[in-house]
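Here is a short briefing on charged side-chain pairs. Please have the model open as you read.

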Amino acid sequence: MINGSPCRVLIVDDSAVVRQMLSEILASDPGIEVVGTAADPLLAREKIKRLAPDVITLDVEMPRMDGLAFLENLMRLHPLPVVMISSLTERGADTTLQALALGAVDFISKPKFNVARGLQGYAEEIIGKVKMAARSRVRTLARPVTPRITLDTVAPTPARKIQFRTTDRLIAIGASAGGTEALRVVLEGLPADAPAVVLTQHLPATFSTAFAERLDRHSAMSVREASDGEAVLPGHAYLPPGGKHLRVIRDGARWRCRVDDGPAVNRHKPAVDVLFRSVAESAGANAIGAILTGMGDDGARGLLELRNVGAPTLVQDEATSVVWGMPGAAFKLGATDEQVPLERIAERLMALARGA
């Protein structure tokens, strides 16, 4: 619902089966009204003008105009909340990450086989993501890409001049909807010798490798998928491999990654609460916790556990969050007193790492 009225959705997909299934799924919720469908972006363009939808679902691969090209034009000329329909393939993962970079709010994974039955199995998630998109803030992060910085590079900004090397601090960050770009912004702002960073972002299993590679291209730190048992080192950021939890364990004087194939927590795998609770136990007051944009409340209780053991904590502020679900839940729970705009989070994390 938007101001008491159902959110108006336009479905853009070249598959008649997908258009029909999405229409039936979305129309089953009283908070959603499917105002139209379009088989390609050119038809969609006319229907957007005529129907004024609140949300668009958009397929990536379509005739007459590529979905990414249409999305880029849309976000530049007529920004609207967009939920991408993507395939669960490596190529699909990279394309979906590009769509999120262009301003899409979230995505729905389309199964490779038996699409109709597969989409029906995701009905609750599809409805939830479309309704969330209707309440989201459309943010086009069309800023210049920061070049990769090495230790030999002379950096002009104060944040890049920070020299910091210690194993005594560990930064833990969790995110969900809107988080793929928020994490990129934060990691771009951290210097190559920053404290070790452990991350959890809600993504399908097949997306993790492409996401780690994307973050690595944009960060002065080395960003990688964690392997079980590897040491957690300064200047490195670690993501859980696809569909697995990431924990941090203490091994004598150092920390190590523990990759866990246990059950989903808060309906997520990986889950932010799993990471944060392990960091609270293993690093205590030497940790720093942060929750970025995301739907739901995963991570809120884990961030409170971090705060309770003396770790400084923060959340992304509402104004710069695509969805202030996870950060808002943590703030309301009392897990932090600090709300920080996205563009200042890296700077604030480094200040906290220095004890400021």
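Arginine 256 and aspartate 251 form a salt bridge (a side-chain nitrogen of Lys or Arg within 4 Å of a carboxyl oxygen of Asp or Glu). Their closest N and O atoms are 2.6 Å apart. This is a predicted model, in which local features need pLDDT of at least 70, side-chain atom pairs count only at pLDDT 80 or more, and totals for chains, interfaces and linings use all residues. Residues are numbered from 1 along each chain as its sequence is written, and side-chain values use heavy atoms, with hydrogens and water left out.

**Arginine 256 and aspartate 251**
- Arginine 256 is partly exposed at 22% relative accessible area (buried is under 20%, exposed over 50%, partly exposed in between; 1.4 Å probe, protein chains only).
- Aspartate 251 is also partly exposed, at 37%.

**Arginine 301 and aspartate 273**
- Arginine 301 forms a salt bridge with aspartate 273, with closest N and O atoms 3.8 Å apart.
- Arginine 301 sits in helix H11 (residues 300-308) and aspartate 273 in helix H10 (residues 272-283), so the pair ties together parts 28 residues apart in sequence.
- Helices (H or I, at least four residues) are DSSP runs, numbered from the N terminus.
- Arginine 301 is partly exposed at 33%, whereas aspartate 273 is buried at 0%.

**Glutamate 181 and arginine 184**
- Glutamate 181 pairs with arginine 184 in a salt bridge, the closest N and O atoms being 2.8 Å apart.
- Both lie in helix H8 (residues 179-188), three residues apart, about one turn of the helix.
- Glutamate 181 is buried at 4%, and arginine 184 is buried at 5%.

**Network and total**
- Salt bridges link Glu181, Arg184, Glu188 and Arg214 in a network.
- The structure holds 20 salt bridges.

Key: Helix = DSSP H or I, 4+ residues; strand = E, 2+ residues; numbered from the N terminus.
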